[in-house]
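Visitor: I would like to learn how to read side-chain contacts in a protein model. Could you take me through them one feature at a time?

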Amino acid sequence: MDASVFEKRLQQETAYAERVLREHLPKEEGLQEKIMEAMNYSLLAGGKRLRPILMRETYRMCGGEDGRAIERFMAAIEMIHTYSLVHDDLPAMDNDRYRRGKETTWYVYGETMGILAGDGLLNYAFETAIRAFQETGTEGTEESVPDSERLVRLERASAAFSVLARKAGIYGMIGGQVVDVMAQEEMSQTNLLFIHAHKTAALIQAAMMAGAILAGADREQVAAIEKCAYNIGIAFQIQDDILDVIGDSEELGKATGSDAANRKETYVTRKGLEQAKADVEALSREAAGILDGFTGEHEFLKQLILTLIHRRK
């Protein structure tokens, strides 16, 4: 795909994901409106909207047609991702004042509200996704959908919801965060890969697997997507570690060199910069190869993945 065509398509997909997210924001009302304000501040602070885009593109590659159910899940995955960033930035975690070029949620609203905003985003994500269970017909024509088709769509939504919950929880992202917190003093290669697989790759897996499931992909196809997304997540995190060493803070929108300053063990500190770069390349090639095994259109998806993995900011 030509670079200019890719950039135009990326802008379109990002704008679509942004619109979907804004349509599902919580209303800032009631005595507790401050929490909604903090949640919305976090969600609208920028970002690539990578996970919802990956979800939709995988969905379309596997034969899915746009509708309300996929949009609910797109918004939910971005809320879960944003909650994880809000909590990562807290003083008890990474103690970061800037995220995406803006002051972090806890720094603007206070540490207590930062914790509650993250809690609110996680819970509201599942409130948002579960509404897809009531929207299993074709938009505007629910009454014409046969019961058998409704049942199939309910089963797909249930399976996608299960993947979302597990990959975000103690067997996924939260599990990775726990090991990250506990293992810093004695970080083994096994622990490091576990952290990358669970803290970073799990939500990318959730996005792509949910997209495939909602589109009706079979078990083998979903397993292939899970492996592809694992590679993407590991490579993405290694690249993040690389950028912390060689990146520019203004381009990245956050401070660089924080890992070294905090004496944090990373893939780069264990493997070295050159080996880290080589592993990113190998993982990305394998991920692209897996996508080429699908017959659905995936040229944009493949180029997006390779661009994000090899990003400079």
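Guide: Gladly, and we can start with charges and rings. A charge sits over a ring if NZ of Lys or CZ of Arg is within 6 Å of the ring centre and within 35 degrees of the ring normal. Here R166 lies over the face of Y171, at 4.4 Å from the ring centre. Another case is R311, placed over the face of F236 at 3.6 Å from the ring centre. Please keep in mind that this is a predicted model, where local features need pLDDT of at least 70 and side-chain atom pairs count only at pLDDT 80 or more, while totals for chains, interfaces and linings use all residues. Residues are numbered from 1 along each chain as its sequence is written, and side-chain values use heavy atoms, with hydrogens and water left out.

Visitor: How many aromatic pairs does a search of the whole structure find?

Guide: Rings of Phe, Tyr and Trp (its six-membered ring) pair if their centres lie within 6.5 Å; planes under 30 degrees apart count as stacked, over 60 as edge-to-face and the rest as tilted. The search of the whole structure gives 5 aromatic pairs. In one of them, F6 and F300 have ring centres 5.4 Å apart and planes at 40 degrees, so this pair is tilted.

Visitor: Which helices do F6 and F300 lie in?

Guide: Helices are DSSP runs (H or I, at least four residues), as are strands (E, at least two), and both are numbered from the N terminus. F6 lies in helix α1 (residues 3-23) and F300 in helix α15 (residues 299-309), so the pair ties together parts that are 294 residues apart in sequence.

Visitor: Are F6 and F300 buried or exposed?

Guide: Buried means under 20% relative accessible area, exposed over 50%, and partly exposed in between (1.4 Å probe, protein chains only). Both F6 and F300 are buried. Compare another pair: the ring centres of F133 and F161 are 5.8 Å apart and their planes are at 80 degrees, so it is edge-to-face. F133 is in the loop between α6 (111-130) and α7 (147-168), while F161 is in helix α7, so parts 28 residues apart in sequence are tied together. F133 counts as partly exposed at 21% relative accessibility, and F161 counts as buried at 19%. Together with F126, the residues F133 and F161 form one aromatic cluster.

Visitor: What about salt bridges: how many does the count come to?

Guide: Side chains of opposite charge can pair when their charged atoms come close. A salt bridge is a side-chain nitrogen of Lys or Arg within 4 Å of a carboxyl oxygen of Asp or Glu. By this rule the count is 18 salt bridges. One of them joins E18 and R22 (3.4 Å, N to O). These two residues are 4 apart in helix α1, which separates them by about one helical turn.

Visitor: Where do E57 and R60 lie?

Guide: Both are in helix α3, 3 residues apart, about one turn of the helix. E57 forms a salt bridge with R60, with the closest N and O atoms 3.5 Å apart. E57 counts as buried, at 3% relative accessibility, whereas R60 is partly exposed, with a relative accessible area of 34%.

Visitor: Which residues are linked with E57 and R60 in a network of salt bridges?

Guide: R9, E13 and R56 are linked with E57 and R60 in that network.
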